[in-house]
Amino acid sequence: MTTLDRRQLIGGLALALTAPARGLAAGVPAGVGHLRITVLDTMVASSGMDGEWGFAALVEADGRRILYDTGASPGMVLQNLRTLRIDLSDVEDVILSHNHGDHTAGLLTLRREFARTNPRALGRCHVATGIFAPRERADGKPNPEMADLKLAYEALGGTFVVHDAPAELLPGVWFTGPVPRAHNERNWNPGSYLSRPSGRIDDTVPEDAALVINSADGTVVLTGCGHAGVMNICERAHAILGPQPIAGLIGGLHLFLNNRASVEATGARLKALGVRKILAAHCTGFEPTWILRQALDASPADVAVATVGSQWISGVGLQTGVLARLGTAP
Ligand SMILES: [Zn+2]
Ligand SMILES: [Zn+2]
């Protein structure tokens, strides 16, 4: 049994035996001293980089690195990595937050590119249960995208690790596995379906999963598209790490379709959960970002729109791009 297998097993058993309010890892000293998260793919980009409707980010925890999501077009993340002069050839683990193409499309390109230097690079892909469930499109035809991606990734020597419970991938860095949907946030797109023997049902993206990190600043949450609902995801972070403040919430929150009352209610709940700062990427929406800033009584420096290259850094907070902050010119 590998270290990873043991951690998964311990994680699954411990969560079943631990009251959620206390938290699976509650009381455990912060596992990550220095954390840096760099956005590699999102809607907005500063000069020299490109944005798109998608998401990817690089997590660096005390020097150990994991790629979270891979962008919406095959080459975009690789292009931005080159501009940012980031090399992923020593990164062995990658996460796909869920099955949608705006998070998965770069996987094969990135595996091919960095495996040329290191055969293990991006060779282990963590996903949550449900990502390979049979799906169909609105016209009733099967949607083979994930089955095709699995075959192609395995043909490149990659292995999928499917998690049905929280798993500690690195010390203090937890993959949530599927997120319980206590709040009926319904943050998924209409028109796609899960195939069931009794007929199709709405695709609720049951596999949607986040990273929650026990850092020296407090909990940091990284989410791709937020289909599980950002309130549910932050409550899952509390269930895993205990009810300490959520110092940073980073990624796509999928609020761009929500009305003002809904976003305000979400903001109030996030405030009650101790969310302090937000780097709002991908499908969060610009107006929802401003509403969340008001709900948290936060400053522009603490709730901002993510651009490609923007970061979360331990002890600093948000390092936003020039488009996401006021300048100094008179
Ligand atoms: Zn999605
Ligand atoms: Zn998305």
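In which sense do strand β1 and strand β18 pair, and over how many bridges? This tour of a predicted model, in which local features need pLDDT of at least 70, side-chain atom pairs count only at pLDDT 80 or more, and totals for chains, interfaces and linings use all residues, begins there. Residues are numbered from 1 along each chain as its sequence is written, while chains are lettered from A and ligands numbered from 1 in the order in which they are written.

**The sheet**

Select residues 35–41 (β1) and 311–313 (β18): the two strands pair in the antiparallel sense over three bridges. Strands are DSSP runs of E with at least two residues, helices runs of H or I with at least four, numbered from the N terminus; strands pair if DSSP finds at least two bridges between them. Within this pair, I37 stands opposite W312 of β18.

Next, display the open sheet of eight strands, ordered β8-β5-β4-β3-β2-β1-β18-β19 with mixed pairing. β8 (159–163) and β19 (317–319) each have a single partner strand, so one side of each edge strand lacks a neighbour in the sheet. From one strand to the next, the twist averages 25°.

**Two helices**

Now select α4 (residues 107–115) and α5 (residues 145–155), whose axes come within 10 Å and cross at roughly 5°. Axes are lines fitted to C-alpha atoms, for helices over the stretch in contact, with angles from 0 to 180 degrees between N-to-C directions. Helix α4 is therefore roughly parallel to α5, a term for angles under 35 degrees. L107, L108 and R111 of α4 meet L149, A152 and Y153 of α5, contact requiring C-beta atoms, placed from the backbone, within 7 Å.

Definitions and conventions
Parallel < 35°, antiparallel > 145°, perpendicular 65-115°, else oblique. Contact = placed C-beta atoms within 7 Å.
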